[in-house]
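Okay, thanks for having me, everyone.

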Amino acid sequence: QELLGTCHKELRTLESDYHLLLGQTRETVFSTVLALGFPKSYDRARMFLDAHETDWITADYGNEMTGYDFVEFLKTWIRKSGNEKWSLAEIWLAQKHKQAQMAQVFVSHIQSQTLEA
């Protein structure tokens, strides 16, 4: 919560598709997520239980942590912060973080891969 702060006013001013052009470095994403407590504070079973959902990650991909876990952690954190309409890049942009800027390269990924991959 402390990293996020309040930025609702700034977020409302963003154009609707602008976020599609934003990017962050891999190092920035990982350092932020580590600061938020991932993976130490992430409990897949608890997350699904709290959301009243079935654990589809374990059913489909086993017990190893995947990119899906990473995404679910971020979505939960953003939802708890009250900024569920916005991406992490949009939140950073509204907070005027230099890490949120126009992307220079698009990198595709497979979320089903383990985080060690």
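So, start with the second largest pocket: helices H3 and H5 each supply at least two residues of its lining. Helices here are DSSP runs of H or I, at least four residues, and strands are runs of E, at least two, numbered from the N terminus. A pocket, on a 1 Å grid over the protein atoms alone, is an open set of points where a 1.4 Å probe fits, with protein on both sides within 12 Å along at least five of seven lines, and lining residues have an atom within 4 Å of a point.

Before I go on, this is a predicted model: local features need pLDDT of at least 70, side-chain atom pairs count only at pLDDT 80 or more, and totals for chains, interfaces and linings use all residues. Residues are numbered from 1 along each chain as its sequence is written, and side-chain values use heavy atoms, with hydrogens and water left out.

Back to that pocket. H5 gives the largest share of the lining, six residues. The volume is about 300 Å³, taken as the space filled by probe spheres set on the points, with points joined across faces, edges and corners. Of its 14 lining residues, Met-47, Phe-73, Thr-76, Trp-77 and Lys-80 are the closest to the centre.

Now the largest pocket, at about 1800 Å³. Its lining has 43 residues, and Gln-24, Val-29, Phe-70, Val-107 and His-109 lie nearest the centre. Which element gives the largest share of that lining? H5 again, with seven residues.

On to H2, residues 26–36. Its buried residues (under 20% relative accessible area, 1.4 Å probe, protein chains only) are Thr-28, Val-29, Thr-32, Val-33 and Leu-36. Down the H2 axis, they fall within an arc of 125°, going by directions from the axis to the C-beta atoms, so they line one face. The face turned away carries Arg-26, Glu-27, Leu-34 and Ala-35, which are exposed, meaning over 50%.

Last, the largest nonpolar core: 19 residues, all buried Ala, Val, Leu, Ile, Met, Phe, Trp, Tyr or Cys, joined through side-chain atoms within 4.5 Å. H2, H3, H5 and H6 each give two or more, and the largest share, six residues, comes from H5. Among those with the most contacts inside the core are Val-33 and Phe-38. Phe-38 touches Val-33, Met-65, Asp-69, Phe-70, Phe-73 and Leu-115 (heavy atoms within 4.5 Å), leaving out residues up to four places away in sequence.
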